[in-house]
Amino acid sequence: MASDTLIDQALRLNAEGILSRDEPLLQLVQGIRRSAKGERTFSQSINARIHFDPARRQFRLRVDSPTKRLTNRQLEILRHLARGDTVKSVAHKLFISPKSVDNQKLQIMSKLGVRDKVRLALYAVREGPD
């Protein structure tokens, strides 16, 4: 099942639809066909978790995920940390300094209300931001 973080990020990018591989094959095929015709297509399990915000003219999660407060860069760093990458490794992959990764990590922890690195790792694995 797709995490709220993934759904939120797809909606931020104005995704025209999201299909879950957990859906029955027939529903997936029908969803792909609708999508190919240019229709917005969401799996039933995902459709139940989103709503259309007419004021902003976009789909949004029904319940805001704590990761919604994170920037795209912070989500990217959190993904790498969730995979077990070290700060130095993340810095190398993203072409930034280890100090920048550490600063972002502290901001992530603050925004998520997480007080230590172990809890951040547990949160990242549990929420599955990849």
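**View 1. I108 and the residues it touches.** In this predicted model, I108 is in contact (heavy atoms within 4.5 Å) with L70, Q74, I77, L78 and L120, leaving aside residues up to four places away in sequence. Residues are numbered from 1 along each chain as its sequence is written. Because the model is predicted, local features need pLDDT of at least 70 and side-chain atom pairs count only at pLDDT 80 or more, while totals for chains, interfaces and linings use all residues; side-chain values use heavy atoms, without hydrogens and water.

**View 2. The largest nonpolar core.** A nonpolar core here is a set of buried Ala, Val, Leu, Ile, Met, Phe, Trp, Tyr and Cys residues joined through side-chain atoms within 4.5 Å; buried means under 20% relative accessible area, with a 1.4 Å probe and protein chains only. The largest one has 17 residues, and I77, L78, I108, L112 and L120 touch the most other members. At least two residues of this core come from each of helix 4 (72-82), helix 5 (87-94), helix 6 (98-112) and helix 7 (117-127).

View 3. In soluble globular proteins, nonpolar side chains tend to be buried together.

**View 4. The chain around these close-ups.** Stepping back, you can trace seven helices and four strands, which are DSSP runs (helices H or I, at least four residues; strands E, at least two) numbered from the N terminus. Their order along the sequence is α-β-α-β-α-β-β-α-α-α-α. Of the 130 residues in the chain, 37% are buried.

How values were computed
Buried means under 20% relative accessible area, exposed over 50%, partly exposed in between (1.4 Å probe, protein chains only).
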